[in-house]
Amino acid sequence: MNLVVVGLGYVGLPLAVSAAKSGHIVSGYDINKEKILDLNAGQCFIPEISMEELIKLQSKGQISFISELVKKSEKTIYVIAVPTPLDIDKNPDLTLLKKACESVARVVVDDCLIINESTSYIGTLRNLIKPIIDNQSKLSTLKYAVAPERIDPGNKKWFIKNTPRLISGITDEAKKEAVVFYEQFCDEIHEVSTPEVAEAAKLFENSFRQVNIALVNELAQIADKLNFSTHEAIMAAATKPFGFMPFYPSIGVGGHCIPVDPSYLSYSAELAGVDAKFIKLANQVNSYMPKIITQRVKDYLGGDLTGKQVQIAGISYKPDISDLRESPALDLIKELETAGAKVSWHDPIVREYKGEKSVALSTEIDLGLIVTPHSQIDFNIWKKTNIKVLDLSANSNNYGWPKFL
Ligand SMILES: NC(=O)c1ccc[n+]([C@@H]2O[C@H](COP(=O)([O-])OP(=O)(O)OC[C@H]3O[C@@H](n4cnc5c(N)ncnc54)[C@H](O)[C@@H]3O)[C@@H](O)[C@H]2O)c1
């Protein structure tokens, strides 16, 4: 099949490569011209995709990267994977999704299948994507399916192939065609009855994480005041063989999914006249964590941060990923600076943020904070000295969170 992937980010690019490897002829389209130039030169920002692999697929004609969509005369599958962020009021901002639909509408021909992988509120495929493309293309034979992406960038165990794929379509025919397409590179397909079920499942699974992380972050605050170990309590609770799943405290949630998707669910709730109190509260608890940590840092350093040198190790939202979107480390930097601290950061993967460059781990500081422990960071320089270092990272080994190294 001819396949066009619209949006070549953390979701679209791995999909384009997987589909090309399974034999489809893939055009990867992105409005970011620089990205297209890089990809055409074999350069890729996703560590799991190698330069050799990309160049090989391009030279075999399996994949090409374009910054202009062209009309194909034959039947084509269009997969849309563009950002769906929140606006300043934390409401869905579907500007890019609408723009992507308009671009597709200009080039589709009869019988094409359009699949949405972007995360959005319940009803997006039926009430937004289909009307835009049908009206602007003036075609009535287009098929629409949804296959929400669940990828966890950097996860070495779960990737496109082995993560079960949810699929539905506006018609049975659309769903069937989408299933045939995904079966070629996904091991397990789970069909659901309507696009709305697939959209809701995607939002619910990320809201589940957001809510449970908020709950454990609240437990960490209780543990601090009552002087017991959060981790010991979590591990003790986890000995229950049913009805419990451990989550670990952190400075908050980041990335394009966990801090964002729950707001798409609460937006859907609002449209339906339901006040999704729980989701809003979880957002608040997690967003407040950088303030709580700043207060703790203040306490550790004698109650005043003015002029204190604090260094943060790892500022992206999770280890071994360069993505800074919604990273709570950035809020922590702001909070510490507002409290008067002089903050520097070390991140070998991010290297530059807002014109500021990563600096080497230093021992000329009052406090080191481990926020995102990328595997490339060598903490020996901190371990060997007697400067104070606080480990804030969220993982099962961080027993006694937050703990001094
Ligand atoms: N990042 C994740 O871990 C993840 C996981 C599951 C689902 N999702 C969802 O997938 C969608 C895409 O996320 P992402 O992380 O891949 O985003 P991204 O920012 O990494 O990449 C999106 C790409 O789309 C391009 N783009 C934007 N508007 C476009 C348009 N109109 N036409 C063509 N290209 C366009 C951008 O230039 C960018 O390269 C979002 O809805 C997100 O919520 C993301």
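Which residues in α7 meet which residues in α10? Keep in mind that this is a predicted model. From α7 come Gln210, Val211, Ile213, Ala214, Asn217, Glu218, Ala220, Gln221 and Asp224. From α10 come Phe278, Ala282, Asn283, Val285, Asn286, Met289, Ile292 and Arg296. By class, that contact of α7 with α10 holds nine nonpolar, five polar and three charged residues.

Now the geometry of that pair. Helix α7 covers residues 195-226, and its axis comes within 8 Å of the axis of α10. The two cross at roughly 40 degrees. That makes α7 oblique to α10. The crossing of α7 past α10 is left-handed.

Next, the other partner of α10. Helix α9 spans residues 261-271 and helix α10 spans residues 277-300. They pack at about 150 degrees, with axes 9 Å apart. An angle over 145 degrees counts as roughly antiparallel, so α9 is roughly antiparallel to α10. The crossing of α9 and α10 is left-handed.

Who touches whom here? On the α9 side, look for Pro262, Ser263, Leu265, Ser266 and Glu270. On the α10 side, look for Ile279, Lys280 and Asn283. The contact of α9 with α10 divides into three nonpolar, three polar and two charged residues. Note Asn283: this residue of α10 meets α9, and it is also listed in the contact with α7.

β1 (residues 2-6) and β2 (residues 25-29) run parallel over five bridges. Asn2 has Ile25 in β2 as its bridge partner.

Last stop, α1. Is helix α1 largely enclosed or largely open? Nine of its ten residues, in the stretch 12-21, are buried, so α1 is largely enclosed by the rest of the structure. The buried residues are Gly12, Leu13, Pro14, Leu15, Ala16, Val17, Ser18, Ala19 and Ala20. After α1 comes Gly23, with a positive phi near 110 degrees.

Key. Residues numbered from 1 in each chain as written. Predicted model: local features only at pLDDT ≥ 70, side-chain atom pairs only at ≥ 80, totals over all residues. Heavy atoms only, no water. Axes fitted to C-alpha atoms, helices over the stretch in contact; angles between N-to-C directions. Helix = DSSP H or I, 4+ residues; strand = E, 2+ residues; numbered from the N terminus. Parallel < 35°, antiparallel > 145°, perpendicular 65-115°, else oblique. Left-handed = near helix turned anticlockwise from the far one by under 90°. Contact = heavy atoms within 4.5 Å. Nonpolar A, V, L, I, M, F, W, Y, C, P; charged D, E, K, R; others polar. Buried < 20%, exposed > 50% of the residue type's maximum accessible area, 1.4 Å probe, protein only. Pairing = 2+ DSSP bridges.
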